[in-house]
Amino acid sequence: MTATTTPYAELKAPTTARRLLTAPTTGPLVALLLACAFFSVSTDQFLTGGNFSLIVQQVMVVGTLAIGQTLIILTAGIDLSCGAVMAFGSIVIAKMAAEGSLPPLVAIALGIAVCGGFGLLNGLLVQKIPLPPFIVTLGMLNVAFALTHIYSEEQTVTNLPGPLTALGKTFPLGHTDITYGSLVTIALFLLLAYALSSTGWGRHVYALGNSQEAARLNGIRTSRLTIGIYTVAGLLYGIAALLLISRTGVGDPQAGQTDNLDSITAVVLGGTSLFGGRGSVLGTFIGVLIVGVFRNGLQLMGVASIYQTLITGVLVILAVTVDQLSRKKAR
Amino acid sequence: MSRISRLPAPLLRAAACTGVAALALTACGSGSGSGTASTGSGSVKVGLITKTDTNPFFVKMKEGAEKAAKENGAQLSTAAGKFDGDNAGQVTAIENMVAAGVKGILITPSDSKAIVPAIQKARAKGVLVIALDTPTEPESAVDALFATDNLKAGQLIGEYAKAAMKGKTAKIAALDLAPGVSVGVQRHNGFLKGFGATDKDVVCAQDTGGDQAKGQTAMENCLQKAPGINVVYTINEPAALGAYTALKAKGREKDVLIVSVDGGCTGTQAVKDGKIAATSQQYPLKMAAEGVKAVVTYAKDGKKASGYTDTGVTLISDKAQDGVTSKDTAYGLENCWG
């Protein structure tokens, strides 16, 4: 519906496109900096290198999921299955390596591939039948959730071999400790940000999100593109699964139950439009940090966690409101 | 927002990059490690992490901790998982509390095994960690455990049910918690031990997650499977009330004995109303209060609490059975939680 009202100029002129990429992240960035300033003043412990390193560690799993979620939302889709697919991937990795006596690296590759397979399947169902992404991924959420519990036999997998948790290890930088996993997440954000803003593929993703029909008429192979996006997202969930294991040190069948909604929250807070075609993964990174900063900051202040939920809810509504109002003005 | 979006793109990008860079710099720059935050002067900081924010059991636990914190001049901060089983949420809460400089953390683990690495990290930084209500696996992963003896809680209602059946042949239904959760397993096994039965005597066993609606569905299905059920063991009172609703719909509420564990106020009232025959009452408020005291003691004298402290369990029923010690619902309602 909104696609038809998008001015043609947005698709054509790169400067306009760039402006659209950048503009939606400004609001979230201001919100993030304000929150940081607020917590720096209200607590002694917030403004330390160690604490910032901690926040990045805490958001790396949802952050990595949110990259995939951003790609899918840019195509005007949505992925409800990401947390469940990640949980399944993590159990596959943990069990294969801890009990299946597979070499850890093979187990990791297998887990990531399994998640990629789920993504591919999502993409095929969305594109080939076609079914609405909401329905496909809702179904896949249940499938992956059930497989996780069946395969794990409801048991937490402990005693993981060292390489599985290697990304959770830290190295010192100045006076703080940085987790290797945080670097992986940041690298993935930068990589996908580059791919979206500076490659033909990226431009096609935005075009697809603005109008699938227009994109197809312009010679973009929309079917292959869509399936590819879902597959890439799936692979990202597999990497998130590895990060999850490295962070908690166990394979946990209960993991990821609210991560689908958390990742959507991050995408929305980062200024990406749920109607497709507008937004960026850097925005999502900011969105992820906003949630992490509030959770951490409020905890440092000694505020009960239910207020995090309250504040996050208000922020989400504000973010969508800003998106809608700026669209109206843009006409 | 719309006004901002009309600024020239390069300016915006520059602003964005500076912001991110500033953040990155702070992240890599000065600052002490996240642990052992110096609280300076002021009160002892205590953290309480429960499974969820919403379960009345944990609400009561929080109340107990708040009261004890006030009495002991401690500063309490609380956190919870988003849902029962949210391990990652609890890990995050532990990290943030350690960063905030707490002296001790009281935690009700959502996942007894999965939480262990995070607890170890906190303890390595000199934080006293006490498990409340639910033990960790292994139990030695924490400094101390303040909890109900769940095996005993089950055993008490098992003994009660045995006495109340007065020699009649029992057909038992078990409305359990969830697979692999130690609290549920212990209560279930305790009940069988107290009753002198084995799992073979259980004609129908279903998981309820401790939820009333699921308890009702489970009981309906059990009655379908085995209409002759005359004893129902339930993991907690919401599940028991669900079972009661299902039995009432079949007109069976008078001739089926329901026993339960928890001692919440709603549940204890249900015992008084005759819906549940007996329940084992536990004391979350006491767990939390003792926990806060232990942290304050540690802060003052450096003396760490250790081992298992049984916070007690009392059998509540208005129809006392010979040979089984119980207290009436007047006592139960005075000491109930929620």
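This tour visits a sheet in chain B and then a surface patch in chain A of a predicted model.

Local features require pLDDT of at least 70 and side-chain atom pairs pLDDT 80 or more, whereas totals for chains, interfaces and linings use all residues. Residues are numbered from 1 along each chain as written, chains are lettered from A and ligands numbered from 1 in written order, and side-chain values use heavy atoms, without hydrogens and water.

**Chain B: the sheet**

Select the six strands of the open, mixed sheet, ordered S7-S6-S8-S9-S10-S12 (strands are DSSP E runs of at least two residues, helices H or I runs of at least four, numbered from the N terminus; paired strands share at least two DSSP bridges). At the edges, S7 (202–207) and S12 (313–316) of chain B each pair on one side only. The twist averages 15° from one strand to the next (axes are fitted to C-alpha atoms, for helices over the stretch in contact, with angles from 0 to 180 degrees between N-to-C directions).

Next, select helix H8 (237–249) of chain B, which packs on the sheet, touching S6 (172–176), S8, S9 and S10 (278–282) (contact: heavy atoms within 4.5 Å). Its direction makes about 160° with that of S9(B).

Now display S8 (231–234) and S9 (257–262) of chain B, parallel strands joined by three bridges. Val232(B) stands opposite Ile258(B) in S9(B).

**Chain A: the patch**

Move to helix H8 (180–198) of chain A, which supplies four residues, the largest share of a nonpolar patch. Leu183(A) lies in this helix and is partly exposed, at 38% relative accessible area (between the limits for buried, under 20%, and exposed, over 50%, with a 1.4 Å probe and protein chains only).
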